[in-house]
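Subject: Structure handover

Hello,

Please find the structure below. My notes on salt bridges and on one helix pair follow it.

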Amino acid sequence: MDLLKVLNVDELAHGLANLSMFPYFEMAHYVMSVISLREQPGALEVSRVSPFACWFSSMLFCFGGAVLSGIMLAEPPIAPLSNCTSVLMATAVWYLVFYCPWDLLHSCVAFLPLRLVLSVMREMTRTWRVLGGVTQANMKYKDSLLVLVAIGWARGAGGGLIRNFEQLVRGVWRPETNELLKMTYPTKITLIGAVLFALQQTQHLPVQKHHLMLVYTVFLVANTARMMLTGSTASPFAAIESLIHKTLFLGYSPYAALTSDIPDSCMGQAASNSSNKGAVKMHTAASQVNGEKPPLQAKDESENTGTRRHKKTN
């Protein structure tokens with residue numbers, strides 16, 4: 001703790017925990033959410049054909065976490081839209097992203113330094129959304145670790161988890177893009193954050209909340225900046241995920257080496273026999289094409305010729 005005081009980490013953590021997300025950080029979240037929708041295949045065409053469907057999809061991108069967590073907690077899913085100020089801000093961002101003259105806003109956000117700043121601000125809001133979901137769930141389900149993790153995950157990554165429904169609004173049905181089948185980096189890092197904050201909330205993780213918020217936010221910001229500056233899409237947990245998957249979920253059996261010898265030998269012998277038969281058939285076909293006789297027929301004729309010669313000699 002003395003080291004934390006010397007480095008002013010405790011003051012920094014308190015300052016971050018008391019930082020207000022409204023309106024600048026929330027605006028950055030809306031901008032990057034709607035930009036990510038616009039960059040989806042076919043989204044720009046939908047905005048020209050059906051502006052209402054485009055607007056509804058944008059609201060799902062902006063408020064998807066609150067909607068999904070509300071459904072899971074048996075609360076009205078339309079409750080997030082009751083905040084008129086936030087809805088008007090998100091609507092203004094939606095209009096400027098899709099219908100701004102000369103496509104000015106999208107061109108500005110495409111500028112890397114500005115996009116980096118907005119992405120970092122958006123990732124900072126992820127901490128508050130995950131923590132808000134865990135805190136909200138803890139009010140109704142005290143110390144229920146699984147529920148806390150689920151609600152925190154839904155609150156922080158709801159836009160990705162309900163992506164199939166959002167695509168359905170735009171007339172697209174792609175069930176293979178389900179986040180549970182193949183998680184993207186934001187969904188994975190949100191799940192990790194939900195687990196950490198749920199453990200801290202249930203006193204299983206001996207760390208103060210504002211310190212955990214600082215560490216988690218710094219990791220989000222640093223990794224997001226690294227991925228954008230290097231152009232890398234690889235997850236920092238790829239090696240750990242691969243190790244866990246190979247160790248626990250590949251279904252390896254210790255008797256596989258014993259039981260695989262006989263089938264392998266049988267399969268090898270069968271493959272050898274089939275290859276020999278195939279070679280004979282190919283040779284026979286080639287002989288017939290070239291005007292030659294098959295090997296077995298030629299052998300029989302040679303034996304018959306030898307027998308006739310022997311009879312004539314006698």
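Lys-140 and Glu-75 form a salt bridge, with 3.2 Å between the closest N and O atoms; the term stands for a side-chain nitrogen of Lys or Arg within 4 Å of a carboxyl oxygen of Asp or Glu. Because Lys-140 lies in helix H8 and Glu-75 in the loop between helix H5 (51–72) and helix H6 (84–99), the pair ties together parts that are 65 residues apart in sequence. Helices here are DSSP runs (H or I, at least four residues), numbered from the N terminus, as are strands (E, at least two). Lys-140 is partly exposed at a relative accessible area of 47%, and Glu-75 is partly exposed at 27%. Buried means under 20% relative accessible area, exposed over 50%, and partly exposed in between (1.4 Å probe, protein chains only).

On conventions: this is a predicted model, in which local features need pLDDT of at least 70 and side-chain atom pairs count only at pLDDT 80 or more, while totals for chains, interfaces and linings use all residues. Residues are numbered from 1 along each chain as its sequence is written, and side-chain values use heavy atoms, with hydrogens and water left out.

The structure holds eight salt bridges. Another one joins Arg-126 to Glu-123, the closest N and O atoms being 3.0 Å apart. Both residues lie in helix H8, three residues apart, about one turn of the helix, and both are buried.

Glu-179 pairs with Arg-163 in a further salt bridge, at 3.3 Å between the closest N and O atoms. This pair links distant parts of the chain, 16 residues apart: Arg-163 is in helix H10 (163–169), and Glu-179 is in the loop between H10 and helix H11 (185–201). Glu-179 counts as buried at 2% relative accessibility, whereas Arg-163 is partly exposed at 22%.

Now the helix pair. The axes of H8 (residues 112–140) and H12 (residues 209–230) come within 9 Å and cross at roughly 150°. Axes are lines fitted to C-alpha atoms, for helices over the stretch in contact, and angles run from 0 to 180 degrees between N-to-C directions. H8 is therefore roughly antiparallel to H12 (over 145 degrees; under 35 is roughly parallel, 65 to 115 roughly perpendicular, the rest oblique).

Residues of H8 that meet H12 include Arg-126 and Glu-123, the salt-bridged pair above; among those on the H12 side are Tyr-216 and Met-228. Contact means heavy atoms within 4.5 Å.

Regards
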